Amino acid sequence: QVQLVESGGGSVQAGGSLRLSCAVSGDTKCIRAMGWHRQAPGKERELVATVTTDGTTNYADSMRGRFTISRDNDRNMLYLQMNSLKPDDTAVYYCNAVPRGYGSGCPPYYGIDYWGKGTLVTVSS
């Protein structure tokens, strides 16, 4: 079992910064890639950024250069540093993890990722 709990959301003014955290518990060794997604009111969930186990990152175009994703495997934490925030960044931000699907003590992967319950970020003009 893997559990993801986001924190760090809140209300900030445009141009400000926030750092989101995702605490990972359970079978952390069975996690492969991790990432952040977000969902604005009335819109579909979209990718924000991903990071592999070796630190390789990928960002959506609108977030590249402003957001930084990182993971601390020793502390079982995932972070999203958000700078130069815009009102369009207002959304619920979700932490997710992709199971490895192999390895000692790890269950097989059946296409179901782990998701947190989200943390709300509100950016005012």
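In the predicted model, C30 and C106 form a disulfide in which the sulfur atoms are 2.2 Å apart. The torsion about this S-S bond is about -90°, and the disulfide is therefore left-handed. C30 is located in the loop between β3 and β4 (31-39), whereas C106 is located in the loop between β9 and β10 (114-115), so the pair ties together parts that are 76 residues apart in sequence. Both C30 and C106 are buried.

A search of the whole structure finds two disulfides. Besides the link of C30 and C106, a disulfide is formed by C22 and C95, with sulfur atoms 2.1 Å apart. The link of C22 and C95 is left-handed, with -75° about the S-S bond. Because C22 belongs to strand β3 (residues 18-26) and C95 to strand β9 (residues 91-99), this pair ties together parts that are 73 residues apart in sequence. C22 has a relative accessible area of 0% and is buried; C95 is likewise buried, with a relative accessible area of 0%. When bonded cysteines are counted along the chain, the disulfides of the protein chain follow the pattern 1-3, 2-4.

The model also contains a hairpin formed by β7 and β8. Strand β7 (residues 67-72) and strand β8 (residues 77-82) run antiparallel and are joined by six bridges. D72 has M77, in β8, as its bridge partner. Four residues lie between the two strands of the hairpin, and N76 in the turn has a positive phi of about 55°.

Definitions and conventions. Residues numbered from 1 in each chain as written. Predicted model: local features only at pLDDT ≥ 70, side-chain atom pairs only at ≥ 80, totals over all residues. Heavy atoms only, no water. Pairing = 2+ DSSP bridges. Disulfide = S-S within 2.5 Å. Buried < 20%, exposed > 50% of the residue type's maximum accessible area, 1.4 Å probe, protein only.
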